[in-house]
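Subject: Structure handover

Hi,

Here is the structure I promised to pass on. Please open it next to this email as you read.

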Amino acid sequence: MTEDYARFQYVVKQKTGLDLTLYKEKQMKRRLQNFYERYQFQSFMEFFEQGLARDDKLVHQFLDRVTINVSEFYRNKERWLEFEREIVPILKEQHLPLSIWSAACSTGEEPYTLSMVFHKQLQANDYHILATDLDPTVLEAAKVGQYSERSLRSLHEREKHFGFHERNRVFEVKGQFKQPITFERHNLLQDRYPSHVDLIVCRNVLIYMTDIAKQQIITQFSAALKPGGFLFVGSTEQLFSPDKYGLENYKSFIYRKKTS
């Protein structure tokens, strides 16, 4: 199994650019084994040779499985409320327009949440959100911006009315919140990072990475931020020794790049 998985990691990287060695091996192997057994494959390499190498649709499903596309609006809502109350007023006093990056944005709930939060305090042309993900399939869904009630379960009725048009229990993000967002494919473990960013939001992603991958990503996040910019991570992703990345702990799970 170990040799089979090692070979699988190599060929997957050659085909997709995805480096599975930077994900926690035990968790990833279990997740992918459950996935390929549903299709009656008997090993990782059989899954690749008889499946991924021949079927682009299966490749998209595989990427969706790997990138753990589980999200909702205002996920861990108390953190978002603190962010809206404590961080947005600081950011809006900086040079406008703001450059915001929603990294590993999945199906779009996070960047749309950001757009709604900033819309309350700024004009639409005062901020731009770059929303990226590895999986092109989820990016296409994100661009459409239509969601079931499950994705809105943290929202009150007035919040649903503020952010969405509803038709037959399908909730579509209003146009003014789509306008400031650009969706692009991006691999956090391989591609060049944006620069001069005021805010990076990357939540509930780092927990799936190895320590080496986490260090690589956080180092590049820090380099991407402007001095005084903020990094907002998930509620299980506390950074230990943020100082070594040039960051300081500003609020719970919110870090600020040092200015000197």
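Predicted model: local features only at pLDDT ≥ 70, side-chain atom pairs only at ≥ 80, totals over all residues.

Residues are numbered from 1 along each chain as its sequence is written, and side-chain values use heavy atoms, with hydrogens and water left out.

**Cores**

Helices (H or I, at least four residues) and strands (E, at least two) are DSSP runs, numbered from the N terminus. Buried means under 20% relative accessible area, exposed means over 50%, and partly exposed is in between (1.4 Å probe, protein chains only). A nonpolar core is a set of buried Ala, Val, Leu, Ile, Met, Phe, Trp, Tyr and Cys residues joined through side-chain atoms within 4.5 Å.

The largest nonpolar core has 49 residues. Phe8, Leu20, Phe62 and Phe221 touch the most other members. These elements give two or more residues to this core: helices H1 (2-16), H2 (25-38), H3 (44-52), H4 (56-66) and H10 (211-224), plus strands E7 (197-202) and E8 (225-233). In soluble globular proteins, nonpolar side chains tend to be buried together.

Contact means heavy atoms within 4.5 Å. Leaving aside neighbours within four places in sequence, Phe221 is in contact with Trp101, Ala103, Leu188, Tyr193, Ile200, Cys202 and Leu231.

**Buried and exposed residues**

Met28 lies in helix H2. Met28 is buried, at 1% relative accessible area. With neighbours within four places in sequence left aside, Met28 is in contact with Tyr5, Leu20, Tyr23 and Val66. Met28 and Val66 are 38 residues apart in sequence, but 7.4 Å apart in space, C-alpha to C-alpha.

Thr113 is in helix H6 (residues 109-119). Thr113 is buried too, with a relative accessible area of 0%. Not counting residues up to four places away in sequence, Thr113 touches Phe73, Tyr74 and Trp80.

Lys57 sits in helix H4. Lys57 counts as exposed, at 60% relative accessibility.

**Strands**

Two strands pair if DSSP finds at least two bridges between them. E1 and E2 pair in the parallel sense over 5 bridges. Leu98 stands opposite Tyr127 in E2. In strand E2 (residues 127-133), 6 of the 7 residues are buried, so E2 is largely enclosed by the rest of the structure.

There is also an open sheet of 3 strands, in the order E3-E5-E4, with antiparallel pairing. Strand E3 (146-147) and E4 stand at the edges, each with a single partner strand, so one side of each has no neighbour in the sheet. Strands E4 (residues 164-167) and E5 (residues 170-173) pair over 4 bridges. The bridge partner of Glu166 in E5 is Phe171. His165 stands opposite Glu172 in E5. E4 and E5 form a hairpin with 2 residues between them.

**Backbone points to check**

Most residues other than glycine have a negative phi, and most peptide bonds are trans. Here are the exceptions I noted.

- Asn168, in the hairpin turn, has a positive phi of about 55°.
- Asn204 has a positive phi near 60°. Asn204 lies in the loop between E7 and H10 and counts as buried, at 15% relative accessibility.
- Ser241 has a positive phi of about 55°. Ser241 lies in the loop between E8 and strand E9 (247-251).
- Leu96 and Pro97 are joined by a cis peptide bond, with omega about 5°. Pro97 lies in the loop between helix H5 (77-91) and strand E1 (98-102).

**Pocket**

A pocket is an open set of points on a 1 Å grid over the protein atoms alone, where a 1.4 Å probe fits, with protein on both sides within 12 Å along at least five of seven lines; lining residues have an atom within 4 Å of a point. Grid points are joined across faces, edges and corners, and a volume is the space filled by probe spheres set on the points.

The second largest pocket has a volume of about 270 Å³. It is lined by 14 residues. Lys214, Ile218, Gln238, Leu239 and Phe240 lie nearest its centre. The lining divides into 6 nonpolar, 4 polar and 4 charged residues. Here Ala, Val, Leu, Ile, Met, Phe, Trp, Tyr, Cys and Pro count as nonpolar, Asp, Glu, Lys and Arg as charged, and the others, Gly among them, as polar.

Best wishes
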